[in-house]
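Hello,

Here is the structure I promised to pass on to you. Please have it open while you read, and take your time with it.

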Amino acid sequence: MDHGDKMFEENTGDLHTHLNGSFSLESLKRVAEKNNCLDVYNELVLIKEDYLRRTELQPENGFSEELIGLIWKQFALIHKIIQNLIDITDGVVDVVQSSTAEYLEIRTTPKSMGNGTVDDYINAFETGLLLARQQITDKKRWDY
């Protein structure tokens with residue numbers, strides 16, 4: 001089983017998803033190779049596997065702060081892998097392609113990346129949505 005499959009195998013009714021938490025591991029690996037940070041990707045995979053293993057069952061009192069901290073570690077590593085606006089555009093397409101949700105609302109927090117402005121980030125995100133709409137034809141409805 002590919003590491004990313006477990007995240008999406010039963011995910012058919014999303015109300016919303018966060019871009020940086022929804023990239024497939026396959027996509028993150030490609031980007032990490034391109035951005036010369038495969039070591040960061042490998043660390044992410046180990047933390048993600050540890051988190052998934054330790055959270056298979058939800059305890060009555062909720063998860064520990066340590067486990068919640070693993071979520072934030074994953075986001076920090078993803079932010080190190082995703083380094084430019086092309087990564088954002090390609091990532092949006094990946095998230096749409098990877099999701100089996102009937103309704104998918106992708107949220108993100110625009111920020112300046114590299115030489116790009118916040119507006120450039122928004123444009124890269126929107127370009128990803130437009131490309132996904134052109135390339136992925138099995139989704140029921142498109143609103144943006």
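A word on the basis first. This is a predicted model, in which local features need pLDDT of at least 70 and side-chain atom pairs count only at pLDDT 80 or more, while totals for chains, interfaces and linings use all residues. Residues are numbered from 1 along each chain as its sequence is written, and side-chain values use heavy atoms, with hydrogens and water left out.

**Helix H4**

Helices (H or I, at least four residues) and strands (E, at least two) are DSSP runs, numbered from the N terminus. H4 has 17 residues and spans 25 Å from first to last C-alpha, close to the expected 24 Å; the expected span is 1.5 Å times one less than the number of residues.

Which residues of H4 are buried? They are Leu67, Leu70, Gln74, Leu77, Ile78 and Ile81, where buried means under 20% relative accessible area, exposed over 50% and partly exposed in between (1.4 Å probe, protein chains only). These residues cover an arc of only 100 degrees around the axis, so they sit on the same side of H4; the arc is that of the directions from the helix axis to the C-beta atoms. The buried residues of H4 pack against helices H2 (25-34), H3 (38-54) and H5 (85-98); contact means heavy atoms within 4.5 Å. On the face turned away from the buried side are the exposed residues Glu65, Trp72 and Lys80.

Rings of Phe, Tyr and Trp (its six-membered ring) pair if their centres lie within 6.5 Å; planes under 30 degrees apart count as stacked, over 60 as edge-to-face and the rest as tilted. By this rule there is one aromatic pair. Trp72 and Phe75 form this tilted pair, 5.8 Å centre to centre with 35 degrees between the planes. The two are three residues apart in H4 (residues 65-81), about one helical turn. Trp72 is exposed at 57% relative accessibility, whereas Phe75 is partly exposed at 22%.

**The core**

A nonpolar core is a set of buried Ala, Val, Leu, Ile, Met, Phe, Trp, Tyr and Cys residues joined through side-chain atoms within 4.5 Å. The largest one has 32 residues, and Ile81 is among those with the most contacts inside it. H3 gives the most to this core, with six residues. Leaving aside neighbours within four places in sequence, the contacts of Ile81 include Leu28, Asn35 and Asp87. Asn35 lies in the loop between H2 and H3 and is buried at 14% relative accessibility.

**Salt bridges**

How many salt bridges does the structure hold? There are five, a salt bridge being a side-chain nitrogen of Lys or Arg within 4 Å of a carboxyl oxygen of Asp or Glu. In one of them, Asp87 meets Lys34 at 2.6 Å, N to O. Asp87 lies in H5 and Lys34 in H2, so the pair ties together parts that are 53 residues apart in sequence. Asp87 is buried at 1%, while Lys34 is partly exposed at 45%.

Asp50 and Arg53 meet at 2.5 Å, N to O, in another salt bridge; both lie in H3, three residues apart. A network of salt bridges links Asp50, Arg53, Arg54 and Glu66.

Happy exploring!
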